[in-house]
Amino acid sequence: MILALGLSILFALIVGITAARNKRAEAVILPLLDIFQSIPILGFFPFVIGGIVGVIPGEIGINVAVIVLIFTSMSWNIAFGVYEAVKAIPQDYSDLLNVTNTSAWQRMKAIYIPASLSRIAYNTQTSWAVGLFFLVASEIISLGTSTVKVSYGIGIAVEQFSSSTPFDYANYALLIAGLISAVVIWRFVFLREFALWSEKYKMMEEPRERHRDPIMRIYSWVNQRSVSKLFLLTQGRGVTRFTSALAKFRKGVKYAVLIFLGMFLVLIIITIMNSGSFSLQNLPSVSTIAADETSVLYALGASFIRVWYVFAICAAIGGPLGIVISLNFRLYDTVSPILEVISSIPAPILLPAIVLIPVFGHTPEAVAALIIMLSIIWYIIFNVMAGVRTLPADIKDLPHVFNTGRKSAWRNVYIPGAITGFVTGSITAIGGAWNALIIAEYFTVTDKFGNTTVLTQVPAGIGKTIVIATNSGDLLTLALAVISMTILIVTFNLTVWRRVYHYATKRYTYNR
Amino acid sequence: MPENREQLVTGSPIVTVDHVSLNYHNEKEPLPVLADVSLTAGKDELVAVTGPSGCGKSTLLRIIGGLSKATAGTVKIADSEVTGPRSEITMVFQNFVLLPWRTSLENVLFGLSSRKDLSIAQKREKAEKALEETGLMGFENVYPGELSGGMKQRVGVARALATDPEVMLMDEPFSSLDDLTAERLRKEIYALLINPFTSVKTVIMVSHNVEEIIELADKAVVLSQRPAHVVGELTIDLPRPRNKKSPEFFTWVDKVYSLLS
């Protein structure tokens, strides 16, 4: 996991800085990042795992595949952060660099990397939660017929405990408690420290965050020495020298993304070759494809409706909640660290427990909705909170100055002020929902003896289709499902979301 | 509102700031910001509050407006104590603070949200009148992003005026405008605020521009470094319109400067 995070940050620095400094690279990289961020990576996982295991067999191969998946899930977000941070460096600084005739490497070290650090730190917190979700999910998903599986991991443990009869409460609870404490320690000791450390590198124009976080305070005295020292070490030569070597290949970097894309294709082909079921002699007939595609489209339709109604619920709860929390300082200080912890518990591990609740046990639709909700509502809440928090204090005072009353204040100030954050959060949330479907719609557990029990399944859904196709090794349906889903999501993003986003940022961004 | 006005005895102050102190509560010890500040603003007066930057001028203005609470002391309008934001007090901000997602007209209408006694048509009429007075006819449906700084501040003034305020608080209203724009706007806004036909009874303006103060103010209250206390109160009795090139003008400018340093 940490390896994947390190790779992601490195990748993000290279791609982000290249995109921000080079117009031509920007034109290539941005749309690609956009697409990668929005496609459900989990759907591609069976191909990735198959491909990598085909090259590196055994346990190592699977672990490499898991790392690749987590890396893929985390890096886009961080890369976007770096891109935006470097883009936001005031023109004066670039002028300074040009005037003083600084070398490319000096520029990296002096300006670009320091300027990106606070965004990396911030986005890492989100990416970490996403990565954890994928970690659990990827361990649970196994490529059906072939017996590839990671031997140890949270995901595997969840599966074992929940498949044993009677349900292994004690261990399951222990596992969740352990995970929560791991999350708390990681977030508040390590990521926080990283975030604090990176604050030094903020451009002076940005307001500095105030550290009133109660949990932060408890930890601050503990790690004032130890962890900071660790960072001082990494801050030194080692890390930066490594990136300098890579910086020399800046011109070639834009092709790296294309190569990466190509790798995906190669992986798919390798998987198909390995499976042996595909050969030139028994290519599937057009009618088989058509029949398969019809059922895929039906499932896709069902999932589309599911994604949107769950999103609507999340928006209705998360939007107002985010506004209320961020308008009240005291509430914000106490609630936001708690929300952060809850949000980084990956929803899939809760599924076995949710199913035990009678109401949910009999309605798979509710289970699916709840799992999706728990996976995505945070994006909306946190982005809305960030939006409202960054509104200047005097605009939040306006309703008081003019005694406007609550209704007018919400309609004219709070809701419009939250819209940009809400839209950003929604785009991520919808993307997350498509990923969560793969766990939420159909969930099976296999016990030690190889007996598989279906814990929950909805009547129809693309997530279910993908999992069943994966388990039975039905590569045709799998490919059709993944491709159809990707096309739907990418088209939707390009046509609908892009316009909504442009309108929102144009009209609802606060500038004096 | 007109009844209220008649009740007021001419000569008695409209706004009374009485021994106001403010401490910020830091973790360790209270940090004094304002120390025993008193001032009054009378009928048709423009009172300028000035002092070194960061001394707490804007904080004082927020306390007068009921937006912040003082640690000790009171603020009174006529004879009633200000305990929270009130409809007869309004404010014009340094950075305009317009809603970027609303047109100029909607921004002015937003200021009228509290007026339950007016119909939507009446509010609209009022808002349009305020925009006309501030010279924004024809810009009703333009978003703030498309307006220049000077015009944004005109919207800010229109929004404040439309509410029929008695007390107008202005927090460095001209300091984020360029000199030429500020020069013109100063004259226009003074004429809008202090005249026999307006609801505005008194104006308190925070400023760090000494010439601006001598040009506009009837009274200048000079504050010290933090914790701010009043180091001097000058009644500027220069006849209007004031000639910025006259020797008397410079004498006054010097007087304020000597108090500031």
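How many bridges join S6(B) to S7(B), and do they run parallel or antiparallel? I looked this up first: 4 bridges join S6(B) to S7(B), and the two strands run parallel.

**Entry: ground rules**

I am working with a predicted model, where local features need pLDDT of at least 70 and side-chain atom pairs count only at pLDDT 80 or more, while totals for chains, interfaces and linings use all residues. Residues are numbered from 1 along each chain as its sequence is written, and chains are lettered from A and ligands numbered from 1 in the order in which they are written. Helices (H or I, at least four residues) and strands (E, at least two) are DSSP runs, numbered from the N terminus.

**Entry: confidence**

I noted ipTM 0.79 and pTM 0.75 for the model. Chain B has an average pLDDT (the predictor's confidence in each residue, from 0 to 100) of 88, and 95% of its residues score at least 70. Residues 1-9 of chain B stay under 50, with 3 contacts beyond four places in sequence; a contact here means C-beta atoms, placed from the backbone, within 7 Å. Where pLDDT is low, the predicted coordinates should not be read in detail.

**Entry: the mixed sheet of chain B**

I traced an open sheet of 6 strands in chain B, ordered S6-S7-S8-S3-S9-S10, with mixed pairing; two strands pair if DSSP finds at least two bridges between them. Strands S6 (89-92) and S10 (230-235) are its edges, each pairing on one side only. On average, neighbouring strands are turned by 15° against each other, direction ignored.

I then went back to S6(B). In S7(B), B:Met170 is the bridge partner of B:Val92. Both faces of S6(B) are covered, with B:Ile89 and B:Met91 buried on one side and B:Thr90 and B:Val92 buried on the other. Buried means 20 or more other C-beta atoms within 10 Å of the residue's own, against 12 or fewer for exposed and partly exposed in between, with C-beta atoms placed from the backbone.

B:Val167 has B:Thr202 as its bridge partner in S8(B). Helix H2 (residues 57-64) of chain B packs on this sheet, touching S3, S7, S8 and S9, and its direction makes about 150° with that of S8(B).

**Entry: the antiparallel sheet of chain B**

I found 4 strands in an open sheet ordered S2-S1-S4-S5 in chain B, with antiparallel pairing. Strands S2 (30-41) and S5 (80-81) stand at the edges with a single partner each, so one side of each lacks a neighbour in the sheet. Between S1 (residues 15-25) and S4 (residues 72-77) of chain B there are 5 bridges, and B:Asp18 stands opposite B:Thr74. H2(B) packs on this sheet too, touching S1, S2 and S4.

**Entry: chain A**

I counted 21 helices and 2 strands in chain A. Of its 512 residues, 41% count as buried.

Helices H19 (residues 406-440) and H21 (residues 475-508) of chain A pack at about 170°, axes 9 Å apart. Axes are lines fitted to C-alpha atoms, for helices over the stretch in contact, and angles run from 0 to 180 degrees between N-to-C directions. H19(A) and H21(A) are therefore roughly antiparallel (over 145 degrees). Among the residues making the contact are A:Trp434 of H19(A) and A:Trp497 of H21(A).

**Entry: where the chains meet**

I saw 19 residues of chain A in contact with 20 residues of chain B. On the chain A side, H18, H19 and H21 each give two or more residues, and H18(A) gives the most, with 6 residues.

Notes
Two residues are in contact if their C-beta atoms, placed from the backbone, lie within 7 Å. Angles under 35 degrees count as roughly parallel, over 145 as roughly antiparallel, 65 to 115 as roughly perpendicular and the rest as oblique.
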